[in-house]
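Here are a few exercises to work through with the structure open beside you. Try each task before you read its solution.

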Amino acid sequence: MTKETHDVLLAQAFGEPAPSSQEPTTGDLDLAERNAFRRVTRETTIRAEDTTDGYEVEYRKLRLEQVVLVGVWTEGTVAEVEATMSELAALTETAGAEVVEALYQKRDKPDPGTYIGSGKVNELKDIVAATGADTVVCDGELTPGQLSALERALNTKVIDRTMLILDIFAQHAKSKEGKAQVSLAQLEYLYTHTRGWGGNLSRQAGGRAGSNGGVGLRGPGETKIETDRRRIRTQMALLRKELKAMKTAREIKRSRRASSTIPQIAIAGYTNAGKSSLINAMTGAGVLVEDALFATLDPTTRRAELADGRQVVFTDTVGFVRHLPTQLVEAFKSTLEEVLSADLMLHVVDGSDPFPLKQIEAVNAVIYDIVKETGEDAPPEIIVINKIDQADPLVLAELRHALDRDNVVYVSAKTGEGIDELTTRVELFLNSRDEHVQLLIPFTRGDVVDRIHTQGTVRSEEYTGEGTLVDVRLPASIAAELSEFRVSGEDT
């Protein structure tokens, strides 16, 4: 792709030409593509006439889907339920729709028939009619019966939180594996929520004439809904086979990275907590950064060099969210396992969120499920409170009181505040896993000296009559391989 093409894409995204002195990154191009599409969907045009040709041209207004949000308040404070509804609104906007109204109901538990009570259903029906809404989004996973009852009562499309998140994942998945994972999750959800209407539920059945329809209606006895589910099972089996093959390739790449002895650092956390921004601030990787939920679905791996010269590999993973659909956890298991295979996990938290401790609980719950499923141990973690430049001081004070001070770093990936401290924490952790040794390497073994500089942290280096004396921190496995050159050493 030429530089001129880069400039055009960036101009579409930001409304201004790209700087001629700097090549756009992959993240810039991805963002330009998304923003160009969204500008088209949001564009408002008017009726006009082409006076040159004498033809009248009518430009249609492209209208966003209008959505009404519905929630049930079963526990917590008013501020917590309003934060939950705000998150649902953000999810809806990320999916490409426009929120026109939101309401919630205080109940001990959701109504088994319609999710909300009959009185609230009537109120919701009036709101849908008044606003002309196309869709109602419920903050919870609805049963097939609840979906049917609400659609009949409201005479409009009804979806739940799970369907909404699956839609966002379908929009943002780019790699072949990501698309297959999303498709599998959607089919798993569809399998349990397949519904039939009217005659579609009629069963072909045998029997004497007049009992069950008689001649022409005797057969295998399979309903339309059973046929649909059988076809879904077949598609799910094919996708699982594809993902199994992709998982093998991913495991091969992972084993290669593990054999390289370069430390692996996974960046995990709540969606839109600033994980991609953090990896850019620490490495200058230029990955996609967007103020939207689930902007990153496909893992991004970048090699970087820390201030002490050590090479590390950062992996940016998919974000978590409260009540993450179980179908997605299952489908994205191979991707989420990247977290467990890392040497260190940076758990990124949005400090500007009103309830960041809830975010930490949600992420820990998902990681616990993965650990329980795979039987592997979670790696050591450093909690990174991001966006402190936008955070409420009271919220930060609450975090400082609730969290272990030795395990938390407060940063702003946007301004760079605290990034140096975080890098130092990472260096200290990696040093704690290394072995401190002194090696005397003959001048004829320059390859060993080069390897030490690449894979270790050299503290001092001097030349003697016998060779190069190096004081270095090395991974234990490498220190064992180079034991023949060891003069003296001590674990620190």
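**Exercise 1: an open sheet**

Four strands, in the order β4-β3-β5-β6, make up an open sheet with parallel pairing. Work out which strands stand at the edges, and then which helix packs on the sheet.

*Solution.* Please keep in mind that this is a predicted model.

Step 1. Each of β4 (97–106) and β6 (157–160) has a single partner strand, so one side of each is left without a neighbour in the sheet, and these two stand at the edges.

Step 2. Ignoring direction, neighbouring strands of this sheet are turned by 25° against each other on average.

Step 3. Now look at the pair β5 and β6. Strand β5 (residues 135–138) runs parallel to β6, and 4 bridges join them. Cys138 has Asp160 of β6 opposite it.

Step 4. The helix is α6 (residues 161–172), which packs on the sheet and touches β5 and β6. The direction of α6 makes about 85° with that of β6.

**Exercise 2: two sides of a helix**

Find which residues of helix α13 (residues 393–402) are buried, and say why they lie on the same side.

*Solution.* Step 1. A residue is buried when its relative accessible area is under 20%, and exposed when it is over 50%. By this cut-off, the buried residues of α13 are Val395, Leu396 and Leu399.

Step 1. These residues cover an arc of only 100° around the axis, which puts them on the same side of α13.

Step 2. What covers the buried side? The cover over the buried residues of α13 includes α12 (356–374), β11 (381–386) and β12 (408–410).

Step 3. Finish at the start of α13, where the backbone nitrogen of Leu394 has a side-chain oxygen of Asp392 within 3.0 Å.

**Exercise 3: a hairpin**

Describe how β14 and β15 are joined, and find which residue of their hairpin takes a positive phi.

*Solution.* Step 1. Strands β14 (residues 457–463) and β15 (residues 468–475) run antiparallel and are joined by 6 bridges. Ser460 stands opposite Asp471 in β15.

Step 1. The hairpin has 4 residues between the strands, and Gly467 takes a positive phi near 160°.

**Exercise 4: the whole protein**

State how many helices and strands there are, and what share of the residues is buried.

*Solution.* Step 1. The protein has 16 helices and 16 strands.

Step 1. Of its 492 residues, 46% are buried.

Step 2. Take the contacts between residues at least 6 apart in sequence: 66% of them join residues at least 24 apart.

Step 3. The accessible surface is about 25400 Å², and carbon and sulfur atoms account for 50% of it.

Technical notes: Residues numbered from 1 in each chain as written. Predicted model: local features only at pLDDT ≥ 70, side-chain atom pairs only at ≥ 80, totals over all residues. Heavy atoms only, no water. Buried < 20%, exposed > 50% of the residue type's maximum accessible area, 1.4 Å probe, protein only. Contact = heavy atoms within 4.5 Å. Areas by Shrake-Rupley, 256 points an atom, 1.4 Å probe, with all protein chains shown as cover. Arc of directions from axis to C-beta. Polar contact = N/O pair within 3.5 Å; in protein donor to acceptor, adjacent residues only side chain to side chain. Pairing = 2+ DSSP bridges. Axes fitted to C-alpha atoms, helices over the stretch in contact; angles between N-to-C directions.
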